Amino acid sequence: MFCEKSLNLIKELDRSTEAMPAFDDDGVRQVFEEMRGLYDQNVAAANDSTADPDGTAIAGIAIRHAALERNKRCLMAYVYNRIRKVRNMRWQFGSILPPEIKANLCEPEIQWFNSYSKTLALYMKSIGDQGLNLAQDVKPPKSLYVEVRSLTDYGKFEMDNGEVVLLKKHSTHLMSRAQCEPLIIQGILEQITH
Amino acid sequence: MYVDNVIEGFYNAVNGSRVLLFVNYDIDAICAARILQHLFRCDTIAYTLVPVSGIQDLRQAYEENCEEVKYVVLVNCGGTIDIVELLEPEEHVIFYLLDSHRPTDLCNVFSSSQVRIIGNSDPEEGIPEFDDVFREDSDEEEDNSGEDSDPEESRAAKRMRMSEEAILKRRENRLWAEKRDRIVFNYTQFSYYGKASAVQMFELALSLSKDTTDLLWCAIIGVTEQYLLGKVEKQQYVLDSGTLQGYVSKLSHNLDEDPTEAANSTPVTVPRISFTKDLQLALYRHWTVEASLRHSMYSACKLKLWTLKGERRLHELLVDMGLPLVQSRQKFSAMDMVLRQEFHSMIEKLAEKYELDQLVFASFILQYGFRNKYCASDVVYSMLALLESTGREKSSKDCFLEAMDALSRPKKNLLEDGIEKAKVMLTSIFKMVQAALDMQMVISGGPFLYFIIQEGALNARQFSHPHTLILLAQFVLQAYVMVRKKKATNLPLIASAPLDADEGTCLVVGIPPVIEDSPKNFFGKAFEQAAEKTNARAQLDYFDSSVMKLKMEDRSKFFDALAALLS
Amino acid sequence: MSLCQSYVPNYFSIADILATQERVPCKFEMQVKHLGFLDPGSDKRDIEIGTSIELPLWMASVLNSQRPSIADVGLPKVFKEAYRDIMKADPCVVDLHKLAKYFYEFGMNLCMLKHRESAEIANVLVESFKQRFRQILDWAQHSTTEVAESKKLDNTEKIIYQMGREVGSRLHMWLTEGGSLITAADMVIQHKKMKLTQKDLLH
Amino acid sequence: MKEFRPPNFPLTCRESIDVNFNVLKNRRPLSQTSCYNPDLDTMEDTFDDEDFLSDQEDISVQKVLQTLEEAWLNEKFSPELLPSQEDYVHCMMDQIQQMEDNLNKLKKTDFRGEVHHMELARIRYIITSYLRTRLDKIELATAHILEQEALRGPENSYLSEGELKFAKEFLALQESHSKQLVLRHMPSPFQEFMPTQQTLVPNLRSHVFLRAKKDVQSVVIEGDRDNRDEEVDLDENSQHIMQYQPIATYLKDGSLQLI
């Protein structure tokens, strides 16, 4: 049946529970081959259609063309949805991707991530005269200082007023919300409620 | 030096810069830290809190965190050791000591500015005068200063004059030194506990007009822990709970007649503390009556419940109370209403008959919402169990944080989980006591009794923690005394349990004899001297000096030295 | 709201791709050369006129839209008279997950084919959604745990159900903790869980 | 901690920005604060009467904040991209910068500094959330938005200058990525990127909650399957739930507010 492989790509992506499944290189390559095959058959059918007056060849061409469109759509959707995940990662992991995830990305996707970060940074700098970090202020602030607990041995963290805090596992801190928000989002700290 | 005005001397001085907070692994310290956290949160004083379990831990934590820090607060740690000598801080760093361990180290007491002790020194501690202990011109410097003071004199004359003076001076110094050593020895001989740090912090909150019911509850938990772990005598507990009762009525007074509340009775969800006569039955509201009677130290010892005769007496008591056996095996909250309400009065009536007169003690109950009703001792047992339930993937620091979170009301599930763990702890303690008495594991080592938990014993891992081992030791001593009546009352007990298999270390705990009924514990000094004598590989690392780590192989050698020392 | 995107058939929407993969019966009105293999039932080289094959909707709509039309697209079982009556009777009982995982999306795509019964199908879709929605709303708001029967929901309904539960828990969070609790990004949490399970598998 | 009001500290909050309840309720009563010297009045209440001369007409900062808040809510709930309030954003950011400089002069433990810092943080949150919502919409329907923008011409553009630049770069990025990864391997007639056919079109028929700020006459609602078009009047302060399409123009001219 047509487009089996391209459909598998989509199903694989839909079912995966990982933050980012590996890029299925050979799956994509097989779809290219199928498309090339279909296209050649269509070209051949179109050439000798002159010899087939009752126009039944048109049906075959139309079906193969539909399969070609379908394959293209599946491939584009596969690429697009992965790029949406990579885009969300920029906002959630920050500008450095964890190694395990980077291993699952193909080279063009990594390049996309870097150029997207650059474009985003440029845009953020252009807001107001000193720029505005849009990844900050995820929730409406209710207090200037928040109580946080460090989940990992992050080490020394320098705040913008120059003070240095050692974020060691199990230590609890009262820090300014603006400073520690990125760390909370990246899962280094966790905010405590009372 | 002592900080008399806590607000000016401590709180306002600290306000405005970052504070480093080191907290010891005990309930009183956790409660005090929680109150302090609340105050710092209100005044946005940035702080870092690091739990410390021992002296090495404290030194390492300080080294890591001391960059650019001016103020360090030590909660229930470091009071009994010379802080400046241990941590070698820079000049500008100021230490605030909030420590209920006594005796406070003399260098800390007489430090000019770098070490400041929160709270005031009460006379009973018997802190010696400054010049009895320290002398500006102590004999060492005095010798060399003498030489270079007047070089022109001829050598012979100088030597002549030197001799009479020197002899006179040296004798006087020797006398002074002896007197000093005797004073210092008397001062540091016994280790005991002073006022709970949590109460000190609550009084600070009160004077800052930031007292809330939750903070008062923390103070109550701190005081109750001191009583339940035998850190403080009964009268002291009665005194402390009296003052707390004053605070309770003041706070509940505000809540009740608060005019602005429409229905004029505050909503049920508002936390309310009440001061009531409670029973020394551990966790009985969350357990079955029978289990609570059997596993509480007081009732178990009085009725000797580890013996068959004791079993019968227990059933007799239940029958006398008109409590059917089925009911007493049901969860207390599931017993029918009538029995539950009269349970209290029934027990009191039968108290004399079964010599359970001390069963009733004044305590506090926190109620919020319809179903949440916790007595102070429930919370203490729950936090103790949480604090010491280390596992394969749960480090002691995880437990510390869990115990700390158990105090916050929205995290009720932690408290409940802790209560379940506490039941397991108390049951294993009772089973160990039963085994100890049945198999005569309590051995008399001359001036003291000792009791060793072998490596493979039933849930020996449970007792590789200081507090649980102390509870067990106290229970064993009380039970042993009940069995051996006269002879054993003035003998202290040393308990030891395996701590770390691969390091081959064990935990050793000393408990004062029953007769004195005072928590003054001389084992701190005794352990120190015995360890020096036998240069056993011992680590007096805990802030509670009556607990120490020891290599397994050196244990018997250590006990013999101790026996020689004490006899 | 992410939901409103999937209603407007979006070229990249995975739900739309999977929905148009559902099969419909097509009766060929023209002979098609060399594509005999499309009909699993026969081993002939070409497709003869009048043969009826179950083809995915994305192909069927192409066949149907050609002038002259290559094949006449029939209705799939789930939208035939019989099932439509069942849905009219009591839609809440039907297990759409088993019957047609993309019931609504598939139905809407079918209506666009201007089939003579399209109006009828549209009506069934709207009516059954109205009744089933009341049930989903109830499940979403009142049960803290995943309701067993939510297995019977189709893809769109499941999205609505999950969203309902998430909104419910966020409201509860807002009422108890206040809206300002900053939490780790969900991808970070997912990533951490993955690392944990891998670590456990290793030793 | 929030469920009861402390007995000894009655509190009145400003209704437009609920100053952080947490910070205030545990404060010491004012009398105990260190000397509250009235002469340091560089900042009375943050925005009440400071005038701000923006180029069009003399509007107070309070008004700027008001419009920004409404624009934020509209953007959050509307399915399509709305006209950018870029100048309000810039004006508000300058104001914040100014305020922050003033605040740094204050003593570290001064209680008012905290309150104003809190307000600035919340205003910055509104601005960041507003721009983030717009950015998400741009990234989802880049081609469609750029196409509409071209139709509208530069004088009433919906995108701010920075957003326009970002949108173009983002679209180029999408195109180069798809080409590089898949399109160049496909047979030639299928190699075209075709953004408009493949992009997401905002669903203007999705329903929104709205409140009429003033009377709006004869809004035409196009009928669906079985009923004809109808006309509806929205009287002031009435709230409705309607499809977005019919009320789009009224929203943009400011007579409606999405809630």
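User: What radius of gyration does chain C have, and what would a compact globule of 203 residues have?
Analyst: Chain C has 22 Å, while a compact globule of 203 residues would have a radius of gyration near 17 Å. That radius is taken over C-alpha atoms, and the globule rule is 2.2 Å times the number of residues to the power 0.38. A word on the source: this is a predicted model, where local features need pLDDT of at least 70, side-chain atom pairs count only at pLDDT 80 or more, and totals for chains, interfaces and linings use all residues. Residues are numbered from 1 along each chain as its sequence is written, with chains lettered from A and ligands numbered from 1 in the order in which they are written.

User: Switching to chain B: is strand β5 mostly covered or uncovered?
Analyst: Mostly covered: 4 of the 5 residues in β5(B), residues 94-98, are buried.

User: Which strands does β5(B) pair with?
Analyst: β4(B), residues 71-75, pairs with β5(B) in the parallel sense over 5 bridges. Strand β7(B), residues 115-118, also runs parallel to β5(B), joined by 3 bridges. Pairing takes at least two DSSP bridges between two strands.

User: Where does B:Phe95 come in?
Analyst: B:Phe95 is the bridge partner of B:Val72, and B:Val115 in β7(B) is the bridge partner of B:Phe95.

Technical notes
Buried ≥ 20, exposed ≤ 12 C-beta atoms within 10 Å, placed from the backbone. Helix = DSSP H or I, 4+ residues; strand = E, 2+ residues; numbered from the N terminus.
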